[in-house]
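Trainee: Can we go through this model together? I'd like to start with the charged pairs and then look at the pockets and the core.
Mentor: Fine, here it is.

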Amino acid sequence: MTTEHTGTGDPARSLALLWRTHERANRRGRTDLTVDRIIHAAIEVADADGLPGLSMRRIAERLGVGTMSLYTHLPGKAELLDLMLDTVYADVPDTDTTPRDWRTRVEQIARDAWARYHRHPWMLQIGTSRPVLGPNAMARYEHELRAIDGIGLTDIEMDSVVNLVAGHVASAARQALDATSVEQRTGMTDEQWWSARAPLLDALTEGHHYPTAARVGATVGEAYGSAVNPVHAFEFGLHRLLDGIDALIRDRHDTGGSRPTP
């Protein structure tokens with residue numbers, strides 16, 4: 001569930017900060033407190049405590065400065081969130097070094113995003129329907145588009161593929177991180193949780209006719225020790241998405257046309 005949204009800050013100040021068109025010193029003229037230091041401190045706080053634990057006061061404490069000194073560098077939390085996201089987007093590999101096969105390139109992009117979410121779980125608490133308009137976000141989008149450029153997709157389809165893969169990764173990562181979080185909070189593994197409830201559920205469903213659910217549920221439970229395996233869900237979904245994209249490209253090639261899809 002998102003608790004914050006990108007693109008809610010002052011547009012002029014946000015874009016100026018994202019593109020570093022200026023760098024202000026603090027009120028005492030010191031140069032040791034910079035926008036970059038503030039951003040990295042904020043990321044460290046969010047990595048440790050999530051967005052609920054992120055505040056200008058906590059960031060200032062981590063930096064050993066007064067809270068008000070932060071406001072000489074950026075207006076507030078709305079602009080800070082955009083800067084934090086754009087900063088973590090900076091770990092984009094060099095496009096020119098990616099493998100030639102488009103499927104391998106897209107798979108690597110998905111795995112990079114999966115790893116990024118696990119390094120920075122707070123990213124999943126930010127709604128990005130109004131995207132961050134910073135240089136690293138633009139570089140990431142360029143990198144993702146170039147991975148599938150020239151393989152037979154229209155521009156609209158290229159954007160749709162990028163968003164489809166990104167949506168799958170975010171959903172799978174959220175499920176994986178939720179599973180880790182609930183185990184940490186409760187002190188109980190999924191296997192322990194199911195073991196405590198399975199006999200009760202069996203008694204309640206006895207006499208009811210759920211043959212398919214019973215068979216599949218038993219198979220899944222035996223395989224995973226849980227109702228779901230987030231890693232399997234990520235891998236299975238990713239490869240089915242790639243299969244679908246491949247089928248679209250092959251169909252386009254076989255028909256000899258470039259029919260845009262809805």
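Trainee: How many salt bridges are there?
Mentor: The count comes to twelve salt bridges, where a salt bridge is a side-chain nitrogen of Lys or Arg within 4 Å of a carboxyl oxygen of Asp or Glu. This is a predicted model, in which local features need pLDDT of at least 70 and side-chain atom pairs count only at pLDDT 80 or more, while totals for chains, interfaces and linings use all residues. Residues are numbered from 1 along each chain as its sequence is written, and side-chain values use heavy atoms, with hydrogens and water left out.

Trainee: What does E4 pair with?
Mentor: E4 forms a salt bridge with K77, and the closest N and O atoms are 3.4 Å apart. E4 lies in strand β1 (residues 4–5) and K77 in helix α5, so the pair ties together parts 73 residues apart in sequence. Helices (H or I, at least four residues) and strands (E, at least two) are DSSP runs, numbered from the N terminus.

Trainee: What about E144 and R140?
Mentor: Their side chains meet in a salt bridge, at 3.8 Å from N to O. E144 and R140 are four residues apart in helix α7, which puts about one helical turn between them. E144 is buried at 13%, whereas R140 is partly exposed at 24%. Elsewhere, salt bridges that share partners join R103, R240 and D243 into one network.

Trainee: On to pockets. How much space lies in the largest pocket?
Mentor: About 720 Å³. On a 1 Å grid over the protein atoms alone, a pocket is an open set of points where a 1.4 Å probe fits, with protein on both sides within 12 Å along at least five of seven lines. Lining residues have an atom within 4 Å of a point.

Trainee: Which residues lie nearest its centre?
Mentor: Y89, T128, R140, N163 and A166, out of 32 lining residues. Two or more lining residues come from each of α6 (102–119), α7 (135–146) and α8 (155–186). α8 gives the most, with nine residues.

Trainee: And the second largest pocket, how much space lies there?
Mentor: About 540 Å³. It is lined by 19 residues, with W194, L201, A214, G217 and A218 closest to the centre. The elements giving two or more residues to this lining are α9 (190–205) and α10 (211–224).

Trainee: Last topic, the core. Which residues touch the most other members of the largest nonpolar core?
Mentor: I59, L70, L80, M84, W122 and I148, in a core of 58 residues. A nonpolar core is a set of buried Ala, Val, Leu, Ile, Met, Phe, Trp, Tyr and Cys residues joined through side-chain atoms within 4.5 Å. The largest share of this core, ten residues, comes from α8.

Trainee: What does I148 touch?
Mentor: Leaving out residues up to four places away in sequence, I148 touches W102, R105, V106, L153, M158, V161 and V162, where contact means heavy atoms within 4.5 Å.

Methods
Grid points are joined across faces, edges and corners, and a volume is the space filled by probe spheres set on the points. Buried means under 20% relative accessible area, exposed over 50%, partly exposed in between (1.4 Å probe, protein chains only).
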